[in-house]
Each structure stands twice: as structure tokens, then as C-alpha cells.
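Hi,

Here is the model I promised to pass on.

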Amino acid sequence: MALKSKFHATTLLLQLFLSFLDSQDPCSHVLSIRVLEKELANRGKQELGHLLENAQRLSTSYYDKLHKTGDEKDLEWAKEELLRAKSDLIESALNMEHLWRELSHLYMDTEPKERSSIIQKIPQLAAQHLLDGFCLELLDGDSNLIHLQWVEEVLLQLGKLVRGKGVFVLSVMGIQSSGKSTLLNTMFGIGMRTSVGQCTRGVNMQLLAVEGHAEYDYILLLDTEGTRSPEYHGLAGSEKRDNQMATLSILLSDATIIVIPGENDAAVKEILPIVLMANQNSQLAKENGGRLRTRIFFVYNRIDTKQKNKLYTIIQTLGTSLHEAFSQVQNMTGNSSNLKSESPFANFNLTKTDSSRSDVCILGNVNKQTKPPGDVPDEIYGVELVQFWEHIHQRVTKIEGGKMWKSISFSAFSSCIRNVWKCICSANLTFTFVTVMEHAMFDQLDLEYKNIKRKLAVIKRKLAEAYEKSLKIVKSEMIKSIEERKTSVSFNNYFNYEDKLRNEVHLAVEELNKEVNDVVNKKGQEKWKLQFQNMWDRNKKDQDFNCRLKLKNAYDRLFNFESRVEEYKKKVRQEINNFFKSTNSNVSGWRENEKNQVFEEMFQKILDEAKMEFPTIDVQGEIKKVCQNSSVINKRQTEIKWTDEQINSIMDYQSFLKFEEQQFDSFLNDNGNEREKKKQNRVTMCADSVRDTINRIAAVTLCYDNSIVSHIIREIHSKLRAHQLTYHSDVQNMFQYGMVLTVNFMEKIQDQWEKENSVPAKLESNKENLCKNFMMVSNGVAKTKLFASNMADILEEKIIPAFENDMVQRTFRRIRNERWLYDARFMQKHMDLHLIDLLEREKLNQVFDYIANPQRLYADVLHLLIAQKVPNIDNEWESFKNNLRNAIEKAAAVEVDKERAQNFVDQLRKEFVYSYLQSEILGSAFRIDFSGEYEDCDNEEKKEFQEACWKKLIEVLEKQEAITNHREYFEELIPKVVQHIKNANDKAALPRCDACCPLCESLCIESANHDKQDRPHDAVHQPGGVAGVSYVRSEELDHMTCSQSYEEDGAFYLNNDVRYRYSDYAKAFPGWNDPRINEELPLRQYILATYNNEIAKNYNKKPSTRIPRSYSSRTLSSIKEQLEREIRD
């Protein structure tokens, strides 16, 4: 009954508060809130005084017992009593922040469609509350969390109310009872609370309108709760709490005032380096050249200002302390030689002689004396504070180093809050600076390492673009050579083109080599220079190999296959013409089946010739020959052999050894000696590296070539050296394993290629058109009509594939720079939105299936996103037909006297390839040699020949029907777009790697076919329970992410019996990074919290009993809104 009464009273109070906020009379509105605020303060004095006294008494008692040797049970009882007293004090307090918390939860937890008009207005009322000069909580002082979605909503509304206005952010921090609120009250004439239960908790915002400063329109004050408070000292989490508040206060601000009572600056010296270390890992540091965005100022109060020597000592000691703190931070990050340019205190003004120009202000007490009648405000205190604020303004806003300070908008400040909070959540703020120096060393080294990798990634992209550009130029020369019929097919001609490719790309590679040297030769990066130089050399080698492979494929296609196919087609046409010229039979009397039989015999004869010249490649036989002739293998005295059973089984290395009747005994046996275990670990890692290398090569291989096998052999050799494997058995097995994998993928690739691209296959695909040509010649059709019909048949066959290819290319160009294609985290948001859509439609089983199979989720969402970017089919079809019509008309308009047929087809091909169409499919289809076949066309009137050709081709074009079933067309088109992305191997636009975390099933964030030696698999890990991960003994769903478990150095089991520490994650799963990415996935947390029982039932596990409250703190709609906002922004 009491609880119900209390709830009713709270509801009435919130309704009253809302009515005050929504009042249309500004005076009544402000006055009512002031009265409510004062009443809450008075009630706090009356009801919280004894609770505060009790907490202080128990705190004193606890610390007395803590420093004495006594009964541990008594100490534990004292601690529990103290915690209970503090909890009573916190829970009994009631002030404006509590009311706003309730309103914020009321707004955020109510589904948008169910919000009443007054609830809908709450963020706008909060924004107006700030404009009216009242405080609003930024950091919850009880939970020490920011309700980000709420704060962003309020700042969004505030930005609308003061559109186009700039803000100066000023924060104040210091230890408890240092006089922070008093300082702000004096400096700006405001009324921050100082009553019992009403003191600042967390971080509060207050907005002040400004006059007289053109640089900004408002000052946003951030008042921070006092750090190092006695009641928190020694309790779990107190350091993290203080460090979080200080970091938030400093990183968000343009200027920070640190208030120090007396000379007690020990806490500040401890906290500042923590802030800097958190900043070091933040995006803000990157945007500001590694420096803090804020300028820091110090105020010492309660100092005897008459003792000047003492004042100088304070300033000198502060300067030394700051330099030492930053020396520690910079030394730890390897930048000790660059302190002056890196330190935010490089321009710190510690002027001793002129206090008006110093960044340190030393004050006495706010009152002249402590007892009446002298306890009146000291005007000197106020004057010096006002002057100090003017100095802060000048220091922050004046131009330094050619860089002008600019105020930020409220929307920019909102983004800044998110970035800073992300920095705080990802930083290790649990410890003091001494322990951070020990725990964060690896974090900082890892950050530097990744920064260099990011820079090299940009250069690698430039290298890929340089090779692609050069390849395009050389391919154009090839096509031109074919058209001019200058090049005969020979191996030497290919090497001429390869030399041209090297010459084209040479200068670009040299320039990029210089860029790499600039990156890896910077001071402090010596420890990684050799590693990154090797990475760059490997990348150049891979790019060169891939590009030469594409060049060889293009050369073979143009000279060895397309040209030869055309020669065989010409031979069939000549056979047809010669047959009818020489025959004495009455062909007109032949029946259809008789003609077909003659053509079949004629065509089969020539097809057999083609098969004799271009037999199906015996992939296994060719690979064996390459191995037998390989100097690398011969020097190793290694015999390479395999069985059909091995080839037909895609296997890991251990499975391969079982085929070889060998065992990984020492690796599997825990009793093996340490040296042998390490050696076998190197074997495993080498095998993984070999498999990854072969998979990368397979991804860009179109058909079999001996050079590819030779390249793989050299790669296996380099992997053996890199992993220091010298035993003959290991070398033999590794080459055998590599060749088994090579045969496996080469046979599949070559089989598919020959079905679609070999000379016999291409010739057979033209059988129908050649048969039609036979029938027309047998019927005595005139040459012009015969030629025009042949042209029309070819166009009819190729027009749809050409349009489809055009659509693939256009779609790829549209999506190439889409963030969801190259940014895995951005794609994750789209994937989560898709899951939300399914949850809203109550398709829970499909959600579970997607989480268990993230590759399928990624593929389906990728297809949906691509579908949104496919150009309008109807418009593109009409445009394609118009461009095709223009090309035909231009070709038909060219008048020649001789070789009309050949000139027409040549002109038509040029229009298809070099005009707006730029269709390789049509250009290739019309690369035809009609010499000696259609001379009779030269005897006809020019206009008749041109009109006959034009009319026949236009007929084909006009009878093509529009695509009506768009959905079916999309389903066929989009997989081809995805395949085109993979084949293009564009480093800037590759699909996502399909590897998953072996524990939590989170998808790897790297691109497809990434080199695990340079970039191991990595993931933003989800709570394991959503994917059915459970604790071995209890079988409860795991509520933690791999990253959280890694931070706590937890343990996991493989096969329910082999125990590993999370610190050995990368060793347990070779090719994976340790799970160090500590980012939240709110939807996955929500799913675990909301569907805990259903997930447990789905995986036959027990529901988790330890799901954090934060997992269920957000509604599905709020998560959806946040994801949509992040995607828009």
C-alpha cells in the first residue's frame, strides 16, 4: 500500500513539473520552476541532514578500522553499514535531476506511435529548460552513465531553437568541496545549488546567453561532481568513476578550469594523465593532431595571497608536475622526442610577474573573513575571477599558428559527446595512472601499429588503382592491334605487352615507394619498419602477379581464343559457300532434314578440328609437370603426389595428414614437450597461411595457367621459410597439401571456364547462327540480305547479355563508394535494422537463424541494399536501345566503295566499343573477319546496302520487349553484381570476409580474401548467449562478449574439455586477432535480454541469470531510431 501511495505521489509530482514546463507564460514558467527547485532544496535540508551525518559518521568509523589491525569480520560489517548508509542517502535525495530522469525515460521508453502530445514535447521542453538558464544533467551521477539517445534528442531540439548559433563549452572540475559551483556563481552570476542533497552529481549542463563576444552566442557550462570524495575513497569503482567524469569534462570542452583548494593538487596530478591516455585513443585526438581539444586553466583558492614567494612556488611546482605527467604519457607511446609539439601544455602560460596573462589564477577566500561582521564577499575575489574569464576567452579564441578557433553548433557538440563517450567506454579508466602504465602499454603500441596500417592501406589502394589504370591502357592497345590485324599470336608478343604494363605502372610504383618510406621511417616506428616494409613488398608482389594474370587472361581471350573462334566460324562459312558453289545437286529440292544432316557433318568436322587444336586441359597432369620441372621443389628433393580421394575432399591440414596416415601426435598430446608443441604450432600456422594464399589466388583466377602453379609453389616455399620449417617431412607435407588444394580449385575453375570460354565451346555456341547461314545460302539468298541477316542474328543473340552487363557495370559504379560496402561497422547497422524489421513482424525463428548464420544475413542484406541502387530498369532499357540505335545509324551512314560488309562491321564494332555504349560484349561479338566473303555486296547500290543493314538491325532492336518482371530480374542481376565485385578485386570495394568468431559467431570485419598475415580476422563481438554460447558447467547462456571476457581474462573451453584463457584467444584460433574491439551492439544485447528464455530453448540451454540491466534499458524502437539516425548522419 505504501509503495502504491509513493508511486501515486511521484506521478502527481511529475504531472505538476510537466505543467510548469509546458506553461505558455514565460514569467510564470520560470518562477514556478524556481519555486519548485527551492522547495526541493529545503526538503533536502530537512530530510537528508541526518542521513548525511550518519554516512559521514560511518565513513569515519570504517576508515579508522581500515587503518587498524583488527577483526576482519568487524571491518566487513562496517563496510556494509557504510554502503547501506550511502545507498539510503542517494536513494532518498530528490532534486530536479531525478525529475528529468523520469521524464527522459518516459519519453524514450514509450513507443513513438504511443506517445501523447505532451510526451512528444519532452525533448523540446528540456531544450527550453536549458535556454531559460536551468541546469540539465549530462552524466547521470548515480549510474555514472550518459543516456545518449536522450541527450542527443534534447540537443537536436536545442539546435532547432537557436538555429545557426555557436557555443563555447566551458567545464569546471576539482575535488569535492573545492568551490567549483561557488566559482561559477561568482564568475557568471548564476545560482548553482550547494545545499545538502542538492550538490552537483555527475556532470550538469547550463546554458548562458552571451553579449559582447562575436565569436560565439552562448556559453555551455559543464559543472562536474567533485572527485576523490572521502565517502568513495577505497571503495570499488571509485577511481573509474572519477576518471570518467574528469575525462568527459575535459574532452568535451573548449576550456577547462581545474579548481584546487589550497595546495592539494595530488588528485589532479593523478587524474590528468588518465584523461590524456583516454584522449590518446580517441577520434578527437586524431582530429586535433594528437592534442587535447581543450585548453586547461587552473584556479588555486583559499591561498594566502600576501605570501608572493609561496605563489611562485605553487606555479613552478604545477609546471613541473604537468611536464612530468605528459613525459610519462608520451614516453609510453614512443613520442618522447616530440613532446613540445604533442603536449597540450606546450603553450601553457605560467607567467609569474603578470597574473592577468597567466593560465593560473591564485585566489584567497570568497569572503573577507570567516566570522561576522567580516564574513562579507571579497570584491577582489570577484574582480579577479571576472578578469580571469576574460583571459580564458582571449586565450581560446585568438589565432595561434595560423589556426583560428571556431565555435561549434549544438549538433556538432552532440556528435562530440558521442565520440567522447565512445572514447571513455573503450578506454581503461578503472585504474590509477601507475597501474594504467602497466596495463595500457600494449593498447598504445597496438594503436600506433594500426595507425601505420591505415596509412599503408591508403597507399595500397593507390597501388591497385595505378595497376588497374595501366592494365586498361595496355588492354586498349591489344584491342587496337587486333582491329588493325597487326599482331600474330606468339608468346613473344605477350611479353611485349607485359613490358608495356611494367613501364606504365613503374613511375606510380616509385612514387608510392617514397610514400611508404615516409610512413615507416618516422621516429618511434623503428620497431615496425621491417615488418611494414615486408608487408608493402608482399602487396606489390601480389598486385603485380594479379595484374599480370589479368593481362595474360585478356591476351589469351583476344588473341588465342576470340581470334581463333572467329577463324573457325569463318572456316565454317567458307565451307558452306564452297559446298554450294561446287555441288551439282538440285539443292532447292532438298528437304529440311537433308540440309541439316549435311550441315551437321560439315560443322562436326570443323568442331573436331577445334577440339584437336584446343583439347581439354588435363589439370592434374599439367600441375604434375610443373612440380617435376620446379627448381624450388627439386632443390628440396621432394616428391609430389596425391590421390583422387584427397582431391575430392576439401580439407584442413589435420585431415590431410590422416589421408597420409600421419598423426599430429605431439600437437594433440598435452604431454608433449614445449619445444615440440611450439614447432607443431608453427606447422599449423604455416598450413593456414598456405591455404589462405591459395584461396586469395583462386579468387582472381579465371582459368588454368602454369604460371599460377609456379607462383603458388614459390609462395609455399616462402611460407616454409617464414615459419622456420626445415624438417623434410614438414616440407614434403606442406608442398603436397598446397598442391592438393591447387588441383582442387584449378579443376573446378578450368572446367567452368572451358564450358563457357574455350574455342570449341564458343564455336558450338554459334552453331545455331551458322546453321541459319547454311539454310539461307542453300536457298540462294542475296549476299546483302545474307550479310544483314547474319548481323541481325548476332545482335539478337547478344543484345540482352550486353544490356545485363551494362546494368551490372552501372550498378557497381553506383555502389562502389557506398559506405555499407567498405565499412563493416556501417553494414552492421543495416544488418541490425533488418533483424529489427523481422522482430517487429514477430519472425523470431528467422532472427535466430540469421544470428546463427551471419554469412546468410550479410548476403541477404547486401542484396537488398544493392537492389535499392540498381538504376531504373525501364529508363535504362530505353536509354540502352536509343544508344544502340544511334550506333547502328552512325555505322550505316559511313559510305565506302569497296569491302562494304567488312567496313560496316568494323564501323559497327567501333561504335559499340568507343561510343557512349562502351560495350565489350557487343564489340567482341562483332569482331568478325568477312574478308573474301561478301565482295558481291560491293556491286549493289550504296544506299541499298546501307538501308538493308540498318533496317534489319533496327528490326531486331524494335522487337525486343521491355522487362516487366522487375523482381525476377533483380534476383538474377544482383548475384551477378556481387560476383563482378569479387572478380574486379577492387581493394576499395570488396565484400566482407565470411569468417565468423569461433565462439560468438560474430562476422569478421575485414574484406573478402584479406591476407591474414597482414590483417588477421577481427570482429565486433556480440554477447555469446545470442548465438547459443553457454557456460560449460551451468549451461547458462553467456551474457558477456568475447571482448569483455578478454578484458577480465576469463576462460573458455573447446570441445567442452580443453580450457583456454581469453588472453590466448589468438593462439587457440590462429588467424584471428585477440578480441580487443570493445564496442556495444545494442540490438544483440536487447535480443538476449528480451528473448533469453526463447534463445535458451532454441539451443537446449538454460536462460542466463546474469544479464546486465543495461541490456534491457532501451526499447526496440529507440534502437531502431538510433541506427537510422547514425546511417543518415
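A quick definition before the details: by contact I mean heavy atoms within 4.5 Å. This is a predicted model, so local features need pLDDT of at least 70 and side-chain atom pairs count only at pLDDT 80 or more, while totals for chains, interfaces and linings use all residues. Residues are numbered from 1 along each chain as its sequence is written, and side-chain values use heavy atoms, with hydrogens and water left out.

Let's start inside. Leaving aside neighbours within four places in sequence, Leu884 is in contact with Leu795, Ile799, Phe912, Leu917, Leu922 and Leu957. Leu884 belongs to the largest nonpolar core, which has 111 residues; Leu884, Phe926 and Ile1087 touch the most other members. (A nonpolar core is a set of buried Ala, Val, Leu, Ile, Met, Phe, Trp, Tyr and Cys residues joined through side-chain atoms within 4.5 Å; buried means under 20% relative accessible area, exposed over 50%, and partly exposed in between, with a 1.4 Å probe and protein chains only.) Helix α31 (residues 783-815) gives the most to this core, with 14 residues. Apart from it lies another core of 51 residues, among them Leu36, Met205, Tyr218 and Trp421.

Helices here are DSSP runs of H or I, at least four residues, numbered from the N terminus. Take α39 (residues 942-958): Phe945, Gln946, Cys949, Leu953, Ile954, Val956 and Leu957 are buried. Seen down the helix axis, the buried residues fall within an arc of 155°, so they line one face of α39. (The arc is that of the directions from the axis to the C-beta atoms.) What covers them includes α31, α36 (873-893) and α37 (900-914). On the other side of α39, Lys943 and Glu947 are exposed.

Helix α30 is mostly covered, with 9 of its 12 residues buried. After α30 comes Gly780, with a positive phi near 70°.

On cysteines: the structure holds 0 disulfides, a disulfide being a pair of cysteine sulfur atoms within 2.5 Å.

Ser1118 is buried at 5% relative accessible area, and its side chain reaches the backbone oxygen of Thr1115 at 2.8 Å.

Cheers

How values were computed
A polar contact is a pair of N or O atoms within 3.5 Å; within protein, one must be able to donate a hydrogen and the other to accept it, and residues adjacent in sequence count only if both atoms are side-chain atoms. Helices (H or I, at least four residues) and strands (E, at least two) are DSSP runs, numbered from the N terminus.
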